[in-house]
Structure formats: structure tokens, C-alpha cells
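Please study the sequence and the structure, then work through each solution in order.

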Number of protein chains: 2
Amino acid sequence: MTDPNPSDHAFRALADPTRRAIVALLAERDMTIGDVAANFAMTRPAVAKHLRILEAGAVIRVEARGRERINRLDPAGLAAVRHWIEEIDRFWSARLGQLKDAIEAEDNDG
Amino acid sequence: MTDPNPSDHAFRALADPTRRAIVALLAERDMTIGDVAANFAMTRPAVAKHLRILEAGAVIRVEARGRERINRLDPAGLAAVRHWIEEIDRFWSARLGQLKDAIEAEDNDG
DNA sequence: TTGACATGAAACCAAATGATTTCATAAATA
DNA sequence: TATTTATGAAATCATTTGGTTTCATGTCAA
């Protein structure tokens, strides 16, 4: 029950508004931790923690380059979330289809 | 900063694995709180709280019917999350396009 | 090699979260 | 009407979370 999907970490990563803002930043350009932190009213360690959580959810990838760490968007995490939603939508649409069929059958029966 | 979007509540609602499992259940059929709770190894009040959080995120709608409360999937919450992801993807794709253009220009310049 | 710079890591803290138990209320049923 | 049934609400608790400060480490540059 409540299967431990890989998408679990992605959902967790996107749950925080600061992290979503970070994702929005990284969608436009790659950034070091310091670069990202400069955009928020919190300390660098706090931002670094957020980045690690995003990495755990495969929402970003981190590449060490010298003493810097380049943070880059990773489409995998967002894709996992999107696919989960699409799966739910599939079931939901199937239900709507059944409802429509039932109504039509009802109409035919009078 | 970190704009308080309506989708905030939807992301929050989907962050918990139990709540995602509830969404999966409700995608197949509407259920009372008791029905939902029967699927989990936790008390009904706990499940009721989860349902209220899902409702706050517009992931479900709750309709009172007599002494029962029918919980039904609401596509709005999932749509909000999907749209946010699509927006990020748009920026990301734009960047990939720019990168491709830059590489082609580089090739042409020698 | 010395110093500045980017980051990691650990200890710590307040607030939020997920869950419980207990009691109250309102509606269906015998 | 009396009783069961479905839910709401409040108090409580342990854990997680998001943040801080402080200190250590590794890398670039003068």
C-alpha cells in the first residue's frame, strides 16, 4: 500500500514553494549554489539543503566543477510527476466515458 | 518572491504518499470518508484530515449527502500542477532550442 | 604559499505535519 | 423515541521540516 515509487521524492521536492521557485530559476539558466542563494532571503546552507532535496527527486542534477557545483534542471523528476498525473487522468477519463455510456443507455431504455 | 499561487495547496496536497493513494482510489470511484478510511491502516480522523487537505488543493470536491460526505476527484488541482510543470518545460525547451541554435551558429562560423 | 572563496557538515531550534484518543453532533433506522 | 452510524472538533504527541549558526575542507588566484 502507498507504494514507494521513485516519484515520491519528486513530489516531496516540489512541495515547497522555495524549491519550486528554484526550479523556475534553473529552467532559464544553470547556476551555482551561490547564484541560487543570491535570489532568496535565506542563508546559503538553507538553499544548499533545498538543492539536495531537488537532486534527490531528480528534479535537478548537480555537476561539480572545481570548487563550484553547477545546478542544472533534470527533466526526469518533473516527468515522473507529470506521468503520475496523466495516469490518474486516464482512470478519471475512463470513468467519464462510462458515465456517458450509462446515460446514453438510460436514454435508449426510456 | 515565491508567489502564493493557488497551485501551492495542490502541490502540498500531493506531497504526501497517503494522499496520492487516496487520489488513485477516488479516480476509480467516489467514496465516503469511511470508504476511504477502510483502505488504510490508520484512523478515520486521520483520513478525514487528509481529505480536507486534498479539498483545499482542489484535488477533490466534497459533497454532503445526508450524514455522509461523498469525496469526488476534482480535476482542477491536478491541472494546476500539470500546468506549472508545462510552464517550466516551456522555458526548458526554449533553452534547448537556443543551445541548438548556438551550436549550429558555431558550426557555421567554423 | 597565503589568502580568499565556494561549499560541506554538524549541532541546534521553532514550527509544521501526521497521527492518535476522546468527546460532540447530526442523521438514518429499528 | 432510542440507537446506531457517519462525521466533526479539540487536545495531545512524536517526528519531520525548514531554517539558523559555526566550523571544516578543498580549490582558485595573487
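**Exercise 1.** Which residue is the bridge partner of M31(A) in β3(A)?

*Solution.* This is a predicted model, in which local features need pLDDT of at least 70, side-chain atom pairs count only at pLDDT 80 or more, and totals for chains, interfaces and linings use all residues. Residues are numbered from 1 along each chain as its sequence is written, while chains are lettered from A and ligands numbered from 1 in the order in which they are written. The partner of M31(A) in β3(A) is N71(A). Strand β3 of chain A comprises residues 68–73 and pairs with β1(A) over two bridges, in the antiparallel sense. (Strands are DSSP runs of E with at least two residues, and helices runs of H or I with at least four, numbered from the N terminus; two strands pair if DSSP finds at least two bridges between them.)

**Exercise 2.** State the strand order of the open sheet in chain A.

*Solution.* The order is β1-β3-β2, with antiparallel pairing. The edge strands are β1 (31–32) and β2 (60–65) of chain A, each pairing on one side only.

**Exercise 3.** Determine how chain B is related to chain A.

*Solution.* In chain B, the residue that comes closest to the rotation axis is A15(B), at 2.8 Å (C-alpha).

How values were computed:
Least-squares fit on C-alpha atoms with pLDDT ≥ 70 in both.
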